[in-house]
Amino acid sequence: MSLIKNVAQQARRTNVVASKASSSGVYPLGGYNENKAQLRRETTAQYYRDHDIHHAAKKDSVRLKAAALLFTGRIPSNIDLIRSAQYLQSELPVRIAHRIKGFRSLPFIVVTNPHILKVMEQYIRSFKVISNFNDGRMVKTQDKVDDFTHLLEILLDEHGSVIDDLTQGFSSCHDHILEIFDGDEEKTHDLVQSFLDKTLTSRLGIRLLAQHHLLLKDQIGQNSKYFIPKRDRIGIVESRWKPAKDIEAIARKIRESWMFHCDNPPRVKLNGHTEAEFPYIPIGVDYILQEVFKNAFRAVIEAHANSARQMPPIDVTIAVNREDFTIRIADRGKGMKSDVIDKIWRYHFTTARGRQGYGGVGDLLSMANSNEKELAGYGIGLPISKAYAEYLGGKLEIKSMSGIGTDVYLTLKHIDPHKGHSFRI
């Protein structure tokens with residue numbers, strides 16, 4: 001039986017409406033039918049009576065040490081892919097069920113917001129499709145692994161707008177949540193922060209594991225669109241990652257984007273352990289660096305836009321130690337006042353000129369999307385970056401001197417067990 005027929009049968013069993021396959025063979029799983037309102041009611045009602053989700057949410061997630069990925073699949077074989085698929089087949093439903101449980105804990109007025117409800121529906125459909133894949137039996141053949149891998153690719157695409165949807169949803173619900181807590185801004189912030197931190201870091205972990213599986217398959221077949229042709233790579237792990245190289249590439253891209261608005265954007269100067277290289281997973285780090293550099297460039301340009309002098313450079317220092325490494329990004333963009341420092345980690349708070357406070361929401365895309373749009377000014381980049389850093393076993397800190405500038409410190413643990421304790425994904 002083909003994968004398309006298999007998925008369609010699974011969808012019918014769970015009252016999930018699947019779109020017909022297109023002529024090219026690419027099919028959007030769990031797509032809406034003409035009656036979207038009816039689909040929402042069925043999916044939401046199903047959640048509250050679904051014992052499978054409730055049972056899965058009681059299980060503990062089995063988080064892999066990052067070091068395990070480093071030593072798995074150095075020379076990948078079909079056996080490695082089968083084991084990887086079996087792990088994901090049993091682990092992903094548990095993680096997804098935990099997130100669905102998180103939606104259940106939200107106030108009713110929040111979870112019925114169209115953007116947030118859309119995400120919950122996606123999680124429920126994904127839980128059902130993965131749980132019922134191969135009639136719930138573990139994959140044991142290469143054909144089934146190929147079908148499961150194809151399924152993961154499509155689900156990754158379908159969940160590409162989750163950050164955008166959640167951001168828009170919580171932004172539009174802010175006043176309702178504030179009313180629930182009788183105008184208490186701190187309790188409102190705590191609810192949003194707790195939910196988004198858990199949901200987005202869980203999403204990061206799921207995407208890392210899924211992309212690792214896809215890239216391992218690419219090392220054998222090189223057929224996935226997620227394939228990244230690069231030497232010294234084990235799935236998502238780069239065995240000889242050089243921080244300075246990624247820093248230069250990210251900074252250059254952002255500087256070039258500013259050239260359309262500024263004659264001479266600030267340059268970036270690197271110092272410290274610029275030649276250091278070691279095994280690491282760059283995906284999450286690249287996202288954090290991108291957000292920090294966006295803020296640094298904007299701060300310097302806004303502070304010195306009317307000056308005849310050359311803009312001060314953004315200084316980057318790399319320090320690599322046995323157990324961890326630190327990247328410091330220092331700008332001279334006049335810094336931030338103490339009352340602003342206390343709020344920068346809050347979702348939807350921004351210091352962008354003309355947008356300070358709780359305001360509009362950016363059109364955010366998945367971090368896996370190479371055409372990711374500008375986040376500066378929407379109060380999303382820093383909170384997500386901090387949550388990601390902590391999920392990766394590190395921390396993101398900001399030291400600012402009002403009138404002088406801001407220093408950002410990103411400290412992360414190595415994944416090589418010979419250099420300390422590895423974090424878990």
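Me: Which helix gives the most to the lining of the largest cavity?

Reply: In this predicted model, helix H10 gives the most, with 4 residues. H10, helix H5 (78-104), helix H7 (114-131) and helix H8 (142-158) each supply at least two residues of that lining.

Me: What makes the space there a cavity?

Reply: It is called a cavity because a 1.4 Å probe fits in it but cannot get out. The largest cavity holds about 180 Å³ of space. It is lined by 13 residues, and those closest to its centre are Ile-96, Leu-155, Leu-156, His-159 and Ile-206. The structure holds 5 cavities of 30 Å³ or more.

Me: What classes of residue make up the lining of the largest cavity?

Reply: By class, 9 are nonpolar, 2 are polar and 2 are charged.

Me: Why is Arg-99 called buried?

Reply: Buried means under 20% relative accessible area. Arg-99 has 12%, so Arg-99 counts as buried. This residue lies in helix H5.

Me: Which residues is Arg-99 in contact with, leaving aside its neighbours within four places in sequence?

Reply: With that exclusion, Arg-99 touches Tyr-123, Lys-198, Thr-199 and Ser-202, in the sense of heavy atoms within 4.5 Å. Arg-99 and Leu-200 are 101 residues apart in sequence, and their C-alpha atoms are 9.7 Å apart in space.

Me: How do you know that Val-292 is buried?

Reply: The relative accessible area of Val-292 is 5%. The cut-off is under 20%, so Val-292 is buried. Val-292 is found in helix H12 (residues 282-304). Leaving aside neighbours within four places in sequence, Val-292 is in contact with Ile-329, Leu-396 and Val-408. Val-292 and Gly-381 are 89 residues apart in sequence and 8.0 Å apart in space, C-alpha to C-alpha.

Me: What makes Ser-385 buried?

Reply: Ser-385 has a relative accessible area of 0%. That is under 20%, and therefore Ser-385 is buried. Ser-385 lies in helix H14 (residues 381-391). Beyond neighbours within four places in sequence, the contacts of Ser-385 are Tyr-287, Ile-288, Glu-291 and Leu-396.

Me: How many residues does the largest nonpolar core have, and which have the most contacts inside it?

Reply: The largest nonpolar core has 108 residues, and those with the most contacts inside it are Phe-103, Phe-170, Tyr-280 and Phe-293. Helix H10 (residues 185-220) gives the most to this core, with 13 residues. Leaving aside neighbours within four places in sequence, Phe-293 is in contact with Ile-247, Ile-250, Ala-251, Ile-254, Val-268, Ile-314, Val-316 and Ile-329.

Me: What does the protein chain come to in secondary structure, and what share of it is buried?

Reply: The chain has 14 helices and 10 strands. Of its 425 residues, 52% count as buried.

Me: Where is confidence lowest, and where is it highest?

Reply: Confidence, as pLDDT, is lowest in helix H1 (residues 3-13), at a mean of 40, and highest in strand S5 (residues 314-320), at 98. Over residues 1-36 the pLDDT is below 50, and this stretch has 55 contacts in the model beyond near neighbours in sequence. Residues 353-378 also have a pLDDT below 50, with 65 contacts counted likewise. Where pLDDT is low, the predicted coordinates should not be read in detail. The chain averages a pLDDT of 81, and 76% of the residues score at least 70.

Key:
Residues numbered from 1 in each chain as written. Predicted model: local features only at pLDDT ≥ 70, side-chain atom pairs only at ≥ 80, totals over all residues. Heavy atoms only, no water. Core = buried A, V, L, I, M, F, W, Y, C linked by side-chain atoms within 4.5 Å. Buried < 20%, exposed > 50% of the residue type's maximum accessible area, 1.4 Å probe, protein only. 1 Å grid on protein atoms, 1.4 Å probe; cavity = no way out; pocket = protein on both sides within 12 Å on 5 of 7 lines; lining within 4 Å. Points joined across faces, edges and corners; volume = space filled by probe spheres on them. Nonpolar A, V, L, I, M, F, W, Y, C, P; charged D, E, K, R; others polar. pLDDT = per-residue confidence, 0-100.
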